[in-house]
Amino acid sequence: MSQPSTLPAPRVVEVIDTTPDQPWQQRVRLRPDERQPIGAQQVRIGMLAMTILPADLLQMQQRYGVQPSLPYVPGHEGVAVVLETGAEVGDLPVGQRVMPLGAGGLWADERLVHRRSLLALPAEGDALQQAMLAANPATAWVLLKHMGLAPGQWLLHNAANSAVGQCIRQLAEHLGIPLINIVRRPQAIPAGAGGHWLVDDGLDAHALRQHVLQITGTQPVGLALDALGGTATQSLAACLSEGGRLVVYGLLSGQASQIGPHDLVFRGIEVRGFWLARWFGEAANRQAGREVYPALLELARQGVLHIEVEQVYDLGDVALALAHAAQPQRRGKVLLRGIHGRTPAACGAA
Ligand SMILES: NC(=O)c1ccc[n+]([C@@H]2O[C@H](COP(=O)([O-])OP(=O)(O)OC[C@H]3O[C@@H](n4cnc5c(N)ncnc54)[C@H](OP(=O)(O)O)[C@@H]3O)[C@@H](O)[C@H]2O)c1
């Protein structure tokens, strides 16, 4: 397919400096991108919307699990439309909505990716919600389904208003898992939200445990999910029942996880880390991994999953968008929009 002549030339974002505390406009640049010839098994995709994830911000501070050398094109998650397919790609029509998985480098108007890194999406879905499906809903799904939570046990999680937290809550409700949501400020509790909420604005571990016990009584608290690290890890550990499991999956506090030997030695609390990319890569999870996205697409279709959006910026305003995404107390996610996502029809309410 030839490119529509009315579209401006594609642009791409590059990270050029990972020195912490620099203004965002000195860390990233936008440059014109050249359209390269397509390979036989490649697909040219036009990005509709791309999420700014904590993982992107961590990578820009050299604090992530994978660190490309400079300059690099950032972006782990987004939704796109097929613009052109290589000679050996027969199953993706032009115009098909797709989710690039594991491709990386998505903050661009157009990308050439291998066919196998694309998942076909329904055309009728909200593009912004589809753009946010790859990382956080999948993380919530795996944490709930594959971290050893037994039927009838309570689940506890912090940063409950984060995107992962929203998905954990929606999935737990859908699956009938009893859940306690912890946030750090009362305003983060959604208006009219049901369920159990606790505000930890500096409680010590003992005080948090007392609040949890008032809700759970004698029922077991089997799993705690920690997005923060620092002292929050100890607080969650204290709230678990004996033999419970604590999974650290985020490092939002920027501090090393603290946990006392009493919980580890005498109460048998088990601590482990979790990274979705690593989980997908482990051979033992191959079958379970194949089931994640079909399940999430079905749940999205049913309206079970919905992540709040704070604002959508044009790719050209990437520095402004990054500054916004790095701010606390957001209502939801900050996203970027490529040239192919400029029409409301292409990109939901964006
Ligand atoms: N391990 C994995 O595979 C994996 C996958 C996906 C995400 N994650 C991690 O999951 C975490 C959440 O990601 P997200 O995209 O859902 O985040 P998000 O939507 O950007 O939300 C960030 C949340 O963190 C809270 N927060 C930030 N710093 C905090 C602190 N020091 N103490 C307490 N709360 C704090 C914010 O609260 P306020 O609203 O009060 O500011 C907000 O609720 C991140 O650490 C991310 O890297 C991990």
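Start at Arg185: an N or O atom in its side chain is 2.6 Å from an oxygen atom of the ligand, a polar contact (a pair of N or O atoms within 3.5 Å). Before going on, a word on what you have open: this is a predicted model, in which local features need pLDDT of at least 70, side-chain atom pairs count only at pLDDT 80 or more, and totals for chains, interfaces and linings use all residues. Residues are numbered from 1 along each chain as its sequence is written, and side-chain values use heavy atoms, with hydrogens and water left out.

Now select Lys333, where a side-chain N or O atom sits 2.7 Å from a ligand oxygen atom. Ala163 takes part through its backbone instead: an N or O atom there lies 2.9 Å from an oxygen atom of the ligand. On its own the ligand exposes 940 Å², and the protein buries 85% of that (accessible areas by the Shrake-Rupley method with a 1.4 Å probe).

Helices here are DSSP runs of H or I with at least four residues, strands runs of E with at least two, numbered from the N terminus.

Move to the six strands that form an open, parallel sheet in the order 10-9-8-11-12-13; strands pair if DSSP finds at least two bridges between them. Strand 10 (196-199) and strand 13 (270-273) are at the edges with a single partner strand each, so one side of each has no neighbour in the sheet. Zoom in on strand 12 (residues 245-248), which pairs with strand 13 over four bridges. Pick Val248 and look across to Gly273, its bridge partner in strand 13.

**Two loop stops**

Select Leu70 and Pro71: the peptide bond between them is cis, with omega near -15 degrees. Pro71 belongs to the loop between helix 2 (54-60) and strand 4 (78-85). Finish at Asp21, in the loop between strand 1 (11-15) and helix 1 (24-27), with a positive phi near 70 degrees.

Conventions:
A polar contact is a pair of N or O atoms within 3.5 Å; within protein, one must be able to donate a hydrogen and the other to accept it, and residues adjacent in sequence count only if both atoms are side-chain atoms.
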